[in-house]
Amino acid sequence: YSRRAPDGFRDDEFAAGVAANGSAIYSTNRFTGIIDGSLDVSYLTDQAELVANQDIGAVGTATIADNLFYVDLGASTSRQLAGENARFSHNVNAGRNQRVNVHDFAVSPYLNRRFGDGSAVELRYRFAQAFIANNNTTNLNQAIFDRNSRTQEVVATYDSGNVFDRLDVTLTAYGNKTRDYGSQLLQDYEYERGTLQGDLQFAVTDRFALAGTIGYDEVDTTAPATFLSEDALTGVFWSAGFRATPGRKTDILLKYGRRYDDDFINGTLRYDVTNRIRFTANAARTFQTRALSSATQYQALQRRTLDFVDSLRSGNTGDASGIIDALTRVSRQRFGAQQIGLGVSNDVNAGLAGVFGRTTLQASAHYHDTDYGFRQVETIGGVFGAQRALSRRMSAYTNVFYRRVDSTADLASCLADPALFYLDPTAPGFDVNQSCDAIVGFQGRTSTVGGRIGVSYRVYQNVSAFGEYSHTERFSQNQNLEYGENTVTAGLQLDF
């Protein structure tokens with residue numbers, strides 16, 4: 001049962017549903033695949049509507065010829081926020097007309113040859129397609145976000161491995177062609193990029209190495225003039241820093257550099273506080289299109305999954321839960337906000353997880369800002385969760401989250417192309433000056449806080465009954481963006 005209460009409105013809804021969550025790894029001598037996801041199917045009694053909310057991802061690698069020819073496959077489907085100001089809460093059925101279905105897939109055949117001296121060469125082609133569908137044809141999101149994004153990539157890489165005594169060299173040549181098309185209100189455009197890049201790491205000692213990157217981007221785009229300019233995306237880029245492993249518990253990579261016309265910090269940190277407590281953090285500056293994001297989101301995980309399975313085939317022992325957990329984290333990150341345009345983003349993430357007897361604690365924080373040229377969006381958030389086994393049959397759990405969004409819009413850009421700001425200039429009586437003035441005034445800061453608490457009781461072997469209560473509240477400079485939501489949930493859970 002859910003109740004939402006924006007100022008002056010109340011909206012109650014009873015929902016009966018079935019939710020499924022699962023993860024699995026399948027492997028043979030020629031194919032390794034992994035799938036993870038959740039699917040919620042609910043019946044909204046007041047609206048007499050059957051609805052589905054999905055967050056499912058799958059990846060696989062087929063070995064055509066050992067140590068030579070492989071094919072990577074990936075696909076996902078999820079329901080995401082339509083813009084950063086859409087409703088955000090624990091309730092998957094909240095604000096359904098403010099979300100869109102995002103589907104994507106990627107196919108990547110490639111040649112990869114590893115030599116006895118540790119060096120390797122790879123030649124890869126990748127095709128990725130992302131598209132958005134919205135079943136609510138009366139929603140403006142249908143006209144704005146219902147568009148396709150297609151990317152084709154060619155990548156050639158050489159890794160020196162152990163060829164040099166203390167020096168590791170990686171050389172990369174990269175080409176990309178992306179086309180965004182199909183929107184009813186936004187013009188189609190193309191984006192092309194060529195990159196040459198060299199990465200070097202020199203081991204000063206066994207535990208400390210100097211690291212650096214230098215390269216050049218050449219960008220050509222037919223995107224609207226209000227988007228990021230070619231000059232801001234084209235040019236020499238570099239970064240310099242170090243890699244340190246003071247002990248088995250710590251691994252640090254930190255580099256400072258400049259790319260896409262601004263300074264940035266790129267780094268990763270892993271610190272195992274104890275055998276049961278781990279801290280991780282990372283920071284990066286990236287340029288992404290919608291299809292490019294879907295094409296690369298599983299690349300590192302595919303390599304990790306293959307290495308894990310190869311280790312098992314060699315007779316080693318291992319636990320697949322780490323692989324499943326990694327995919328789950330990637331999967332959950334797909335619950336983001338769909339935007340319009342090409343963006344340069346700065347991301348910082350940190351997480352702490354630990355097990356203390358009967359209690360499991362998890363905490364994470366993130367910072368994300370994106371510059372689209374005609375508008376800028378900054379998001380800061382954090383999550384804390386805990387679960388405790390009260391007895392052999394009963395456990396309690398809780399989590400809280402905070403999400404702050406700060407967005408700015410350029411009036412001149414809105415006047416030039418109002419569809420970029422989710423406005424329909426073809427609507428009868430549309431006044432561009434009045435609408436854009438309202439959009440600029442509508443921008444600002446919103447803060448959303450929420451939490452839930454619940455209890456689960458195992459009634460029989462793999463069957464548990466649970467009940468939980470959650471509350472979400474959003475505060476804003478604009479009253480129209482404020483809302484409160486209360487949700488009570490009860491059900492049965494079957495594990496197998």
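Tutor: Start at D188, which is partly exposed because its relative accessible area is 40%. The scale is simple: buried means under 20% relative accessible area, exposed means over 50%, and partly exposed lies in between, with a 1.4 Å probe and protein chains only. Before going on, note that this is a predicted model, where local features need pLDDT of at least 70, side-chain atom pairs count only at pLDDT 80 or more, and totals for chains, interfaces and linings use all residues. Residues are numbered from 1 along each chain as its sequence is written, and side-chain values use heavy atoms, with hydrogens and water left out.

D188 has a partner. It forms a salt bridge with R179, and the closest N and O atoms are 3.9 Å apart. A salt bridge here is a side-chain nitrogen of Lys or Arg within 4 Å of a carboxyl oxygen of Asp or Glu. R179 is partly exposed too, as its relative accessible area is 33%.

The whole structure holds 15 salt bridges. Take R270 and D272. Their closest N and O atoms are 2.9 Å apart. R270 has a relative accessible area of 23%, so it counts as partly exposed. D272 sits at 15%, so it counts as buried.

Now look at E378 and R404. Their side chains meet in a salt bridge at 2.7 Å, N to O. This pair links distant parts of the chain, 26 residues apart: E378 lies in strand β20 (residues 375-389) and R404 in strand β21 (residues 394-409). Strands are DSSP runs of E with at least two residues, helices are runs of H or I with at least four, and both are numbered from the N terminus. E378 is partly exposed because its relative accessibility is 21%. R404 is buried because its value is 16%.

D72, E122 and R124 are linked in a network of salt bridges.

E122 leads on to T157. T157 touches A120, V121, E122, T170, L171 and T172, leaving out residues up to four places away in sequence. Contact means heavy atoms within 4.5 Å. T157 belongs to strand β9 (residues 148-159). V121 is 36 residues from T157 in sequence, yet their C-alpha atoms are 5.6 Å apart in space. T157 itself is partly exposed, since its relative accessible area is 24%.

Next comes a covalent link. The model has 1 disulfide, a disulfide being a pair of cysteine sulfur atoms within 2.5 Å. C414 and C436 form it, with their sulfur atoms 2.1 Å apart. The S-S torsion is about -85°, so this disulfide is left-handed. The link joins distant parts of the chain, 22 residues apart: C414 in helix α6 (residues 411-416) and C436 in helix α7 (residues 432-442). C414 and C436 are both buried.

N67 has a positive phi of about 55° although it is not a glycine. It sits in the loop between β5 (49-65) and β6 (69-82). At 26% relative accessibility, N67 counts as partly exposed. Q461 also is not a glycine, and its phi is positive, near 40°. Its place is the loop between β22 (445-460) and β23 (463-476). Q461 counts as exposed because its relative accessibility is 55%.

Follow β23 onwards. It runs antiparallel to strand β24 (residues 483-494), and 12 bridges join the two. Strands pair if DSSP finds at least two bridges between them. T472 has E485 in β24 as its bridge partner. β23 and β24 make a hairpin with 6 residues between them.

Finally, step back to the whole protein. It has 7 helices and 24 strands. Of its 496 residues, 42% count as buried. Take contacts between residues at least 6 apart in sequence: 58% of these join residues at least 24 apart. The protein exposes about 25300 Å², and carbon and sulfur atoms supply 56% of that area. Accessible areas come from the Shrake-Rupley method with a 1.4 Å probe, and for residues only the protein chains shown count as cover.
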